[in-house]
Amino acid sequence: MKILYLVHRLPYPPNKGDKVRSYHLLKHLAARHEVHLGTFIDDPDDEQHLPRVQALCKSLHVARLSPRSAKLMSLRGLLRGEALSLPYYRDAGLQAWVDAAAARVGFDAVVVFSSVMAQYTRGLRSVKTLVDFVDVDSAKWRDYAPEHAWPMSWLYRREFAKLLGFEQRVAAEAACSFFVTDHEVALFRALSPGRELRLAALGNGVDAEFFTPDASRASPFAPDELPLVFTGAMDYWPNVDAVSWFAGSILPALRERFPALRLHIVGRSPTPAVRALAGGAVHVTGTVPDVRPYLQHAAAVVAPLRLARGIQNKILEAMAMGRPVVAAGTCVRAITASPLAGLQPAETEADYVERLSACLAHPGEAEAAGRAARDFVLGAYSWDAHLAGLDRHLEAA
């Protein structure tokens with residue numbers, strides 16, 4: 001089939017949650033179909049990866065996006081009565097390429113990754129469109145509002161309402177809309193009462209061949225420390241909130257029991273608030289060439305995400321590396337409905353202290369739990385198995 005694939009961020013390298021999913025979706029589609037990709041680059045470092053992406057596509061159009069300029073452009077949404085996310089990702093050149101490619105190629109189907117990219121399909125109403133929302137993106141703005149003072153709280157509530165309305169219109173026109181978990185599907189249905197929408201869950205996977213322990217992989221940690229690891233893009237506010245809360249409210253109590261304990265925050269673009277945590281018991285790495293040494297040699301991995309839903313790739317990757325993980329209960333429940341030794345849920349500060357203390361005090365049991373975690377993701381989180389749900393809808397086209 002000839003497929004138009006629209007993604008809000010270049011789907012490579014797979015070094016953050018949305019790019020992991022969009023890359024594996026691209027690879028899955030390219031192995032079976034002719035793919036024409038329209039996307040954005042918002043990080044100049046990603047320019048070097050264009051040949052890798054081009055090799056997977058029949059044609060490729062990349063629009064360059066400056067986050068600072070795009071934020072200013074997004075304010076047009078206030079005048080137009082639309083979600084600010086839409087003008088943020090609006091580009092005349094990309095729209096012209098989509099229109100020209102549609103006339104030249106004659107697409108059999110359109111796959112949209114992230115609802116904001118559906119604004120480019122207005123001239124393709126006769127072509128079957130599948131939309132990967134991933135999460136209910138509008139709901140995150142609703143969740144952010146109580147955590148911020150006015151005027152940001154008002155702006156976030158407005159974005160929730162405006163973006164939800166757009167998401168509902170997109171879903172009404174799509175042949176099928178996908179979300180990462182059944183919980184996200186149920187949430188979107190609850191936010192859209194009375195609407196007949198075609199929705200389905202399309203789970204995440206993990207590249208267990210890449211994320212695999214290797215005895216020859218050197219440790220990045222000092223020999224006399226007990227390392228805890230958090231991974232993620234450190235300019236993403238839920239990640240910033242998570243490490244700030246953990247470092248301030250949980251880590252001191254753990255260090256009373258384990259003085260050698262040190263938290264390593266591993267990820268690109270740390271904000272000033274994250275960099276301010278560095279020193280003594282906290283190490284902020286910034287971008288690293290390979291996250292696997294940090295995961296493999298961690299005593300445990302933490303994901304204390306208070307404002308995130310859905311399946312967290314960072315957790316699947318840590319499990320694939322054979323490490324025990326203590327994470328927010330909502331994140332754990334998105335991955336497994338049954339208790340799992342290598343993946344422990346926590347809600348309160350005391351929960352994190354208790355679960356991590358048990359893990360750190362008994363390293364032999366922690367190793368066994370990590371092996372069980374890897375076995376679990378090998379069996380339950382294959383990308384091809386999950387993406388087969390998309391294939392069925394494409395075949396119907």
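Is Ser114 buried or exposed, and at what relative accessibility? At 11% relative accessibility, Ser114 is buried. The views below start from this residue.

The model is predicted: local features need pLDDT of at least 70, side-chain atom pairs count only at pLDDT 80 or more, and totals for chains, interfaces and linings use all residues. Residues are numbered from 1 along each chain as its sequence is written, and side-chain values use heavy atoms, without hydrogens or water.

**View A. Ser114 has a positive phi.** The phi of Ser114 is about 85°, although Ser114 is not a glycine. Ser114 sits in the loop between β4 (109-113) and β5 (128-134). Strands (E, at least two residues) and helices (H or I, at least four) are DSSP runs, numbered from the N terminus. Ser114 counts as buried because its relative accessibility is 11%; buried means under 20% relative accessible area, exposed over 50%, and partly exposed in between (1.4 Å probe, protein chains only).

**View B. Val134 also has a positive phi.** Its value is about 70°, and Val134 is not a glycine. Val134 lies in strand β5. With 17% relative accessibility, Val134 is buried.

**View C. The Tyr12 to Pro13 peptide bond is cis.** Omega is near 0° here. Pro13 belongs to the loop between β1 (2-7) and α1 (17-30).

**View D. The Trp150 to Pro151 peptide bond is cis.** Omega is near 10° for this bond. Pro151 is in the loop between α7 (137-144) and α8 (152-173).

**View E. Leu72, Leu75, Leu78, Trp150 and Trp154 make a nonpolar surface patch.** The patch covers about 590 Å². Patch residues have over 30% relative accessible area and no salt bridge; like charges are joined within 9 Å, and nonpolar side chains (Val, Leu, Ile, Met, Phe, Trp, Tyr) within 5 Å. A salt bridge is a side-chain nitrogen of Lys or Arg within 4 Å of a carboxyl oxygen of Asp or Glu. Areas come from the Shrake-Rupley method with a 1.4 Å probe; for residues, only the protein chains shown count as cover. Leu72 is in helix α3 (residues 67-74). Leu72 is exposed, at 59% relative accessible area.

**View F. Helix α14 (residues 313-320) packs with helix α17 (residues 363-380).** The angle is about 115°, and the axes are 7 Å apart. Axes are lines fitted to C-alpha atoms over the stretch in contact; angles run from 0 to 180 degrees between N-to-C directions. From α14, Leu316, Met319 and Ala320 make the contact (heavy atoms within 4.5 Å). From α17 come Gly370, Ala373, Arg374, Phe376 and Val377.
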